[in-house]
Amino acid sequence: MRILLLCSSFNGLTQRAWLELRRAGHDVSVELAVSEEVMAEAAELAKPDLVICPFLKERVPERVWRGFRTVIIHPGPPGDRGPSSLDWAIMDAEPEWGVTALQAVEEMDAGPIWGFRTFAMPAEAPRKSALYNGPVADAAVELVVEVAAKAADASFAPEPLDYRSPEVRGRLRRAMRHADREFAWEEPTEEIVRRVRAADGAPGGRVRLCGLPVRVFDMYRGPELAGEPGQVAARREGAVLVHTGDGSVWVGHVRLEEEGAAKLPAAMALGELVAGVPERPGYSEITYDRSDGVGVVSFDFYNGAMSTEQCRRLASALRYAVAQDTRVVVLRGGEVFSNGIHLNVIEAARHPELEAWMNINAINAVCREVIGCTRQLVVTSIGGNAGAGGVMMGLGADRVIIRAGVVLNPHYRTMGLFGSEYWTYALPRRVGAERALRLTGDALPIGAVEAVEAGLADRMLSGSRLEFERRVLEYAERLAADPGYERLLAARRQVREADERRKPLEAYRVEELAEMSRDMFDDRNGFRAARRAFVRKVRAQVTPEHLARHRELSGASARADGAASHM
């Protein structure tokens, strides 16, 4: 079928929907909901058999839903209505939640139901972003594929919303207000964590910290410490430990309530106000574990952004891992594997271009440790989405294992950068020179299945993130015990030596950085404006060119089909 995706942004969920529908053989175009007129024109141009809205905050124009079958993917169970569904689900500690596909009608979220999925909520309050990108996205993508199949069935009719039905357990809930996000440090830790996580990654929990009005994010329970609620007790790796009414919490990120402020590591945002606070163990973004000949370097950076300091710590952890008496090193990412350099930290720096330069050199050092390791075999474990340099960072491993449902964006063009992280070496080595240029030039996402087919990854494993990590560790342990291990390690060394003789890694780095210097310092491709728009969450005014191009191709196909039908 010809399907149009209307969305507020081409986010991870929309990308997964786009990928799955295309893989199912549908002709799919994308339009950002920048205005009612644009949405209506896009529908009339594409002439879709079906309009699906995987992530849409705006109201669907009447011209669209009356003219074309339009299905909304709503992040709540049947009957749930309102714009703050996930926020309330977390705040109210709902034991079960769901996702519903419903037809667009005059009244928002009140249309007939095309299908739904339910899932158990975690016992511990999840971050809203983790809930959305995890079980909600998994359920939503299943529904998108199901909706497309049902739309092709002439006998299918959606079920009217009936609050008397036992399956309809949701209700209309108002939008969350600023007051709902506010808390006091005197409150119990459990209540504070739940309130903040219900607002993470946006808009954050509202409170005063160090005398300043702030939004707080990325919060974890700390130890049971006695102290004055709201006082900063310690700091560690950019986070600060704050006393609560019955203990403490680690606050990873903060945004000052002032014009133009960016979300930053808490200690950086608070600056001199916490400069004299002592360091204390108990919070770490990077860990190292050993198991049966396998060393696992785990890192979990908020939203996958890696600052200069974080890259330096990760490179140091990799050097430590390589020096240990193990046979395999696993590089394991977190909820988001990595999205490369930290644009928020760069934008907030006194000299952003210089900070960007330091950041790209620091992440290159991480990549160099992966590529240059010849004492052990290296396995990259990609359990969450990755983009730009975050994709390239893991490609120097012997084996790249990816979790089903993960989306990769192996390109830099939309941020106005040529890219580095040794991509000109690692990417063509895996997928070939022609495909490497296409991946970086088209600036489109690829799914886990396509990544394996292209050679970008070696294996795909399914399951939750914890199940995936367990299966990757078991794979690494088998690799370490493989009778052919010495042969595999010798082959890695030989390939690395041959590649180095052909063209040294340093040459790739120098060539890439020459291009990046023009992007970062001369701003030849709009890095400065793209970075600022990303950090300040500037709403797109038009559908990006690389997506619009695919829309125009679909539109041309629609016009050709229409002409053919009249012959």
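1. The model is a predicted one, and the helix pair to begin with is α13 (residues 423-431) and α14 (residues 433-442), whose axes come within 7 Å and cross at roughly 120 degrees. Since angles of 65 to 115 degrees count as roughly perpendicular, the two helices α13 and α14 are therefore classed as oblique to each other. The crossing in which α13 passes α14 is right-handed. On the α13 side the contact is made by Trp423, Leu427, Pro428 and Val431, and on the α14 side by Ala433, Arg435, Ala436, Leu439 and Thr440. Sorted by class, the residues of this contact between α13 and α14 are seven nonpolar, one polar and one charged.

2. Helix α13 also packs against α18, here at an angle of about 115 degrees and with the axes 8 Å apart. That angle makes α13 roughly perpendicular to α18. The residues in contact are Trp423, Thr424 and Tyr425 from α13, together with Leu505, Tyr508 and Glu512 from α18. By class, four of the residues in the contact of α13 with α18 are nonpolar, one is polar and one is charged. Trp423 deserves a look in the viewer, as this residue is listed both in the contact of α13 with α14 and in the contact of α13 with α18.

3. Helix α18 (residues 505-520) has a further partner in α11, and these two pack at an angle of about 160 degrees with their axes 11 Å apart. With angles over 145 degrees counted as roughly antiparallel, α11 and α18 are therefore roughly antiparallel to each other. Their crossing is right-handed. From α11 the contact takes in Glu353, Ala356, Trp357, Ile360, Asn361, Asn364, Arg368 and Ile371, while α18 brings Leu505, Glu506, Arg509, Leu513, Met516, Ser517 and Met520. The contact of α11 with α18 has eight nonpolar, three polar and four charged residues.

4. Which elements give two or more residues to the lining of the second largest pocket? This pocket has a volume of about 460 Å³ and is lined by 23 residues, with Gly238, Pro265, Met268, Ser307 and Glu309 lying nearest its centre. The elements in question are β9 (232-236), α8 (266-270), α9 (308-323), α10 (343-348) and α11 (352-372). Of these, α9 supplies the largest share of the lining, namely five residues. The lining residues divide by class into nine nonpolar, five polar and nine charged.

5. A last point of backbone geometry concerns phi, which is negative in most residues other than glycine. Asp109 has a positive value, with phi near 65 degrees, in a residue that is not glycine. Asp109 is located in the loop between β5 (96-103) and β6 (113-120).

Technical notes: Residues numbered from 1 in each chain as written. Predicted model: local features only at pLDDT ≥ 70, side-chain atom pairs only at ≥ 80, totals over all residues. Heavy atoms only, no water. Axes fitted to C-alpha atoms, helices over the stretch in contact; angles between N-to-C directions. Helix = DSSP H or I, 4+ residues; strand = E, 2+ residues; numbered from the N terminus. Parallel < 35°, antiparallel > 145°, perpendicular 65-115°, else oblique. Left-handed = near helix turned anticlockwise from the far one by under 90°. Contact = heavy atoms within 4.5 Å. Nonpolar A, V, L, I, M, F, W, Y, C, P; charged D, E, K, R; others polar. 1 Å grid on protein atoms, 1.4 Å probe; cavity = no way out; pocket = protein on both sides within 12 Å on 5 of 7 lines; lining within 4 Å. Points joined across faces, edges and corners; volume = space filled by probe spheres on them.
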